[in-house]
Structure formats: structure tokens, C-alpha cells
Amino acid sequence: MTITLAVTEVSKASFITILIKNQADLSHEMLQPYQKILSQKLEDKDNGITIFYEADRIIAVVALKVNTHIETGIVHEEARVRGGNICKRINYEKSAHAVVVRGSDSVSKGELLAFTEGIALANYQFLKYKSDKKQNALTNVALMDAEISPAEIDELNNIITANQIARDLGNEPVVSLNAVDLGDFIVKMSHEIGFKADILNKSQIEALRMGGLLGVNAGSSVPPTFSILEYKPDNAKNVKPLIFVGKGVTYDTGGYSIKTGPGMPGMKMDMSGAAAVVGTFYAIVKNKLPVYCIGLIPATDNRINSNALVPDDIITMHSGTTVEVLNTDAEGRLILGDALSYAKKFQPELVIDLATLTGAAAAITGALGGALMGTDTKYRPTLMACGNETYERLWEIPYWREYADMLKSDIADLKNIGGAVGGSATAGKFLEHFTDYPWLHLDIAGPAILKDDEPYKLKGASGVGVRLLYAFTKKFAELN
Ligand code: BES
Ligand code: ZN
Ligand code: ZN
């Protein structure tokens, strides 16, 4: 689905959406015949959608909530949700072309863009494996608005595509997206949009002594990959790079500490952190943000064969740290530890990692947001503010230094699991061991994998992180 700017297309469109907020907005010329009904309907704040069938077109009037006292993040989210609802209606009416207009200036430009973003995000479908592809009717949304520029439309389209890339990657099963396939995908994308991609193969990973990535990969018949993405535009505002690291476990069976019953389905999405990094790169490069960025993606599946790690094994990480593996299902931190120590060589301004790391984080946040921890304090408020604005929210969890003590091993430098409490924080402390730079860790186990459809967030992989990190990178450019 594409978003366009339209000045004259309104007569052609079969579905016209008019955004309103209050009685004054009813004076819009297209609403004249319906003023009386609408003024009654305006009180109906729950649904907010009123449909009028005309001879050759449908007029949908969407009343956005009047919420002067709440923060803009929530106002925009309300608009996004309404956009998701209207998307369903457009498809139900089998309309291919929709137009969106503002009833008046009482609807802000931000609300209009968020509403449109909600439509586009809700129109996503993963149909690759369906014989009967019931494709959504909607293919184009045109905004009729004098204040919106073509550049803003391009930017929004690129963000939507970036989110879709991350969702497609997450929804793809491991049988067709293993670590090598993921590397191939990144190379292809780098050629298409223009950034540098270097995919390290198993022997290069061995030469780097990435014992965490190799250890997790030992049980797999597919070799690991370590993808290095680089975007360094001439006009970059930063000298030291902004680095994104994504957990790329293409399938997590748990290994010999095997997941049981309902714990395993969905683990094709254990590379959602990696997917977010790839999607974010797409948005940054396509929108030409003036930021020097690096992406690091350690990738492997976590499976079983006679070479697979077993609990009690001790491995030596890229940094030289020895780790007693007491649970092979705590594999994400092993591959990320290697990526984080590898990141040191770039002397980064900031490293942000994203990982579906712990069920404990999901138990805290649910699908509503990610768990945030780390050592950086300079950029943390900006990242959290971007979370509120994009509604890919973050919340800081207790991350006291004593959590690190829970990782002490009797016979190695570290063990890979903590105690009975603070499962997300001990995982975070494990990662922190491999950093010597400002670093933030986003445990996205909750919001990455959605169990139910919501108005614009659909069941399956959410692509969480892309809209957040794009917004953050834009702000990062301003701060540098
Ligand atoms: N990939 C899982 C975490 C996860 C669980 C993500 C549910 C999404 C939904 C991770 O590798 C894992 O298995 N973590 C273990 C760690 C434990 C063994 C210390 C967990 O959370 O149980
Ligand atoms: Zn696991
Ligand atoms: Zn995992």
C-alpha cells in the first residue's frame, strides 16, 4: 500500500475519510448534508466512525478524541488506532483508493500523519504461504492536505516499508530464513538501497574466536553468520558511530535445555531484534538521515545434535571471558556478548541492542512495551521520549549492580543464568560485561511477538523497534 499526496483525486476516490474533532469541523463542505446526524454522533466517543453511502462514493467521518490534557504521544496513538479501525472498514467496503482529509485545523498535522500511519500498518498481510491469497482491497491512501510535503510522504512510506520488512523477516519460518538466508537478504537489500554489508562466514567467525556464537551454533547443521552493516553518509553529524545490535536467533528450540509444549511455537521470531536492525537500516538509508550507523547481527539457530552444547559446558567468548553454560536456552546473551565485545573496536558514541532475550521481560511488560536497561544516561531520555511518541514504548526495569553478582560461576568467569529473580536484569548484566562504551539494552520479548490482533498491530511479528529507532536516530542527528 502506498501513501500519496493528492490535490485533485478526491472526485475519483471511492472512499473518503474526513477527520474531525468538534462541532465546528462539521462546517466542512462535504459534511453539509450530514450535519445533524453528525452532531449527535460526535458524542459517541467509543467508535467515532460514521459512514455515509453516496451514489458513487463512501464518506467516512472519523471523530478523533478531543484530549487536550494528555501528552501528544497518546493523542497520536489514538489517531493511529482510529486509522487501524478505518483500514478494516475500507477493506470491508472493497475500496482500493482512499482519500484522507482534515475537517479543519482542529485536527493537527501530527494526528493526520499518525492516522495515516495506522491505516498503512493495519493493511499489512503475510500471504506468502496462502494458496488462496485474500489480498486486501486497499492499495493507495491519498492525503489531501496543503501543509504536508512530498518529502514527509516519502519519509512515511519508507518507515512503513521498513516496518513491513521487519515483520516479514519475523514471520518467515526458519526453514526458509536461516542464518545464511538472513545474511543473503541483508546483502541484497544493501545493493538495492545503498549501504555497505559484510557478512562474516563460519571460518571468519572462528578466526575471531566468537565462542558464544559458535557455541550456540554447535548444534546446528546451518553455519552461523555475523552481519556487519555500515552507513556512513558524507554529511554525517557524528564521528563516532551509532551502533545497533540485534539478536538473530533464527529459531530457538532451547537446545538441550529444550523448550516444552507451548513454549516453542513462535520461536521463529527469536530474530526480531535482528529484523528491527535491518528494518531500521532501511528507513535510515532510504530517508538519508545524516548519521553514521553500524548494525551488528550475530545469527544462528539454537538446536540439538550430538555436537550441541550441553549444560555444564564452558565456552570462551570473543572477549576471552569464559562462560559456564548452565542453561542452553539462555543462548541470546551468548551470541550478543560476542557482538557487543566486537563493537568495542568502533569506539561507538552509543550502542543499542534489541533482543527477544527473556520470558521474564515479557512477564513484566506484556506486549505493551520493551524493558530498558543499560549504562548510557545521555541518550536514554531521548530514546524513551521516542518510545512514547511512536508508541513503541520502553520502561526502565530495576537494574541494580547486585544483579551482576548472581552471575558468578564457581569454575568460570561467568555463568549464563542468574538466580530465581530478576531474570531480565541478570541477562542485561551478562551483556554489560562485554561493553566498555555507553550502551542501552532493549529486551523486546513482550512486544515483538503478538498473540492477538489489535487495531493496527496484527498477530505475529510486530516489527517493533523500527519506528522507535528511526525516530531516535533522527533526534540523535540533532543532538550531534
Ligand atoms: N528466546 C527466549 C526468550 C523469549 C521467551 C522470547 C518468550 C520471547 C518469548 C530466550 O532465549 C530464552 O529462552 N530465555 C530463557 C532464559 C532462561 C533460561 C534464563 C527464558 O526466558 O526462560
Ligand atoms: Zn532461549
Ligand atoms: Zn532465544
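Asp252 is buried, at a relative accessible area of 3% (buried is under 20%, exposed over 50% and partly exposed in between, using a 1.4 Å probe and protein chains only). Asp329, at 22%, counts as partly exposed. The model is a predicted one, in which local features need pLDDT of at least 70, side-chain atom pairs count only at pLDDT 80 or more, and totals for chains, interfaces and linings use all residues. Residues are numbered from 1 along each chain as its sequence is written, chains are lettered from A and ligands numbered from 1 in the order in which they are written, and side-chain values use heavy atoms, with hydrogens and water left out.

So what holds the zinc ion (ligand 2)? Donors here are N, O and S atoms within 2.8 Å of the metal (3.2 Å for Na, K and Ca), and since water is not among the atoms, sites may look incomplete. Along the chain, the donors of the zinc ion (ligand 2) are spaced as D-x76-D-x1-E. Asp252 also bridges the zinc ion (ligand 2) and the zinc ion (ligand 3), and these two ions lie 3.2 Å apart.

Then there are the cavities: seven of them reach 30 Å³ or more. A cavity is a set of points, on a 1 Å grid over the protein atoms alone, where a 1.4 Å probe fits but cannot get out; points are joined across faces, edges and corners, and the volume is the space filled by probe spheres set on them. The largest cavity has a volume of about 160 Å³.

Terms used:
1 Å grid on protein atoms, 1.4 Å probe; cavity = no way out; pocket = protein on both sides within 12 Å on 5 of 7 lines; lining within 4 Å.
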